[in-house]
There are 2 protein chains.
Amino acid sequence: MIPHDAHLQIGSLLFEGLDQIDLTGPFEVLSRIPNSTYRLYGKTAEPVRDLKGLRLTPDAALSDAPQLDVLHVPGGFGQEALMEDTEVLAWIRQQAAGVRSVFSVCTGALLCGAAGLLKGRRATTHWASFHLLSYFGAIPVNERVVVDGAWVFAAGVTAGIDGALRLAAELRGDEAAQTIQLDMVYAPEPPFSSGTPETAPPAILKQARQSVRELTARRERTARRIAAKLGIAVPVTGEA
Amino acid sequence: MIPHDAHLQIGSLLFEGLDQIDLTGPFEVLSRIPNSTYRLYGKTAEPVRDLKGLRLTPDAALSDAPQLDVLHVPGGFGQEALMEDTEVLAWIRQQAAGVRSVFSVCTGALLCGAAGLLKGRRATTHWASFHLLSYFGAIPVNERVVVDGAWVFAAGVTAGIDGALRLAAELRGDEAAQTIQLDMVYAPEPPFSSGTPETAPPAILKQARQSVRELTARRERTARRIAAKLGIAVPVTGEA
């Protein structure tokens, strides 16, 4: 826990085709952390669209970001287009070298992996990409939120809310996180128990896997290429 | 449940000073409802800022909206500034007259109340404004999600996610909602049980009430004026 008098610079990476709630779920928490400045950074300062079309506007371009104390990397389909983007990967790498915490949500973990930051790290990501973590040298942990030292990983999509509250507690203590949780009235009551591969009706899971099959295969080819570049022995694994 | 071959026009009201997750939580669900068009409508098509500064951009102005099938009204501090805005209230009223469903999140319920739409309706809203519902003739129900005929009310902030999934099930059936829930990996694990007035540590609740005291008092004065206009006997009530 960081002393309350230490101001925190918190920043999220914003990119075309992200899954908006990977950013806006954590936003609700990160924007309420006491004594902090929270801003969104894009490749340029121009608006981007999330994978379902929500227009989101960065506060500044990557090159205008100060050294952050907390770096938040969301995911979503658009992550794939950045996996070999040297500018974005270098920014993530440079920021990560100086931050207090990195907070990865969903397939944001793959971006962190492509930046070479996951070697030997306990990590999680979206269930459809979980089998890809080992290409980046990570130790996959099938939990909704994984805390590994200065890193917090949230699994898929809405897990970013749970992860952000954990991060808030790490940064400012339990009471600060509980205050934010009450502000957000976060006492969820999902109407179904269909939120994970383990609990969803089998037919629904099958269809969900089918709908991301092509993207997952593309992500795997990319991960293989990156593993080779990072000098990581390509693991013998299949989709869970 | 509406036949799958009936296309749905779904729209959210977007306004300055809303609480972004009142919109972006439901966005994740509403943007995935099969065979639908989902758009955001603002007083103008210009970007607005949420109460913590997130810039969100409407797809079109209110006057360019078609008759919607589903109207979503979010809340947040900025709702107060619209409580006597005849243009916005008339739009809500006109849309509500022709929709299949109205979906109110957080203090969006007060806007619907100001539009004269809550008389005799079972409704809920954010805990800090719950005692104001009766000024609009509503029957307050202290539940996270309240379904009253064609209306779905979500209580505070993140309750919009639960409410949107209930709405998706009402519109397209349980399987459609379960598919969306898996897409969102919505199997929440809040790290604390601080999400409601009933469960939050008393000191944290006290401070939270304190921090909204002025706004709540202002909201009550407004509610009183509107009750008089609507011809509703001002109830004898106090903040819960």
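In chain A, helix H4 (residues 159-172) packs against helix H5 (residues 174-183) at an angle of about 145°, and the two axes lie 7 Å apart. The crossing of H4(A) and H5(A) is right-handed. On the H4(A) side, the contact is formed by Leu165(A), Ala168(A), Ala169(A) and Arg172(A). On the H5(A) side, Asp174(A), Ala176(A), Ala177(A), Ile180(A) and Gln181(A) take part. Sorted by class, the residues of the contact between H4(A) and H5(A) comprise six nonpolar, one polar and two charged.

These coordinates come from a predicted model, which scores ipTM 0.95 and pTM 0.96. For chain A, the mean pLDDT is 95, and 98% of the residues reach 70 or more. Where pLDDT is low, predicted coordinates should not be read in detail.

The secondary structure of chain A consists of six helices and eleven strands. Chain A has a radius of gyration of 17 Å, close to the 18 Å given by the globule rule for 240 residues, so the chain is as compact as a globular protein of that length. Taken along the principal axes, the box filled by the C-alpha atoms of chain A is roughly 50 × 40 × 35 Å.

Helix H5 of chain A also meets a helix of chain B. The axes of H5(A) and helix H6 (residues 202-230) of chain B come within 10 Å and cross at roughly 55°. H5(A) is therefore oblique to H6(B), and the crossing of this pair is right-handed. From H5(A), the contact draws on Glu175(A), Gln178(A), Thr179(A) and Leu182(A). The residues supplied by H6(B) are Ile204(B), Leu205(B) and Ala208(B). In the contact of H5(A) with H6(B), four residues are nonpolar, two are polar and one is charged.

A further contact between the chains involves helix H6 (residues 202-230) of chain A and helix H5 (residues 174-183) of chain B. The axes of H6(A) and H5(B) come within 10 Å, with a crossing angle of roughly 55°. The two helices are therefore oblique to each other, and H6(A) crosses H5(B) in a right-handed sense. Here Ile204(A), Leu205(A) and Ala208(A) of H6(A) meet Glu175(B), Gln178(B), Thr179(B) and Leu182(B) of H5(B). The residues of the contact of H6(A) with H5(B) fall into four nonpolar, two polar and one charged.

Note on methods: Residues numbered from 1 in each chain as written. Chains lettered and ligands numbered in written order. Predicted model: local features only at pLDDT ≥ 70, side-chain atom pairs only at ≥ 80, totals over all residues. Heavy atoms only, no water. Axes fitted to C-alpha atoms, helices over the stretch in contact; angles between N-to-C directions. Helix = DSSP H or I, 4+ residues; strand = E, 2+ residues; numbered from the N terminus. Parallel < 35°, antiparallel > 145°, perpendicular 65-115°, else oblique. Left-handed = near helix turned anticlockwise from the far one by under 90°. Contact = heavy atoms within 4.5 Å. Nonpolar A, V, L, I, M, F, W, Y, C, P; charged D, E, K, R; others polar. pLDDT = per-residue confidence, 0-100. Rg over C-alpha atoms; globule rule 2.2 N^0.38 Å.
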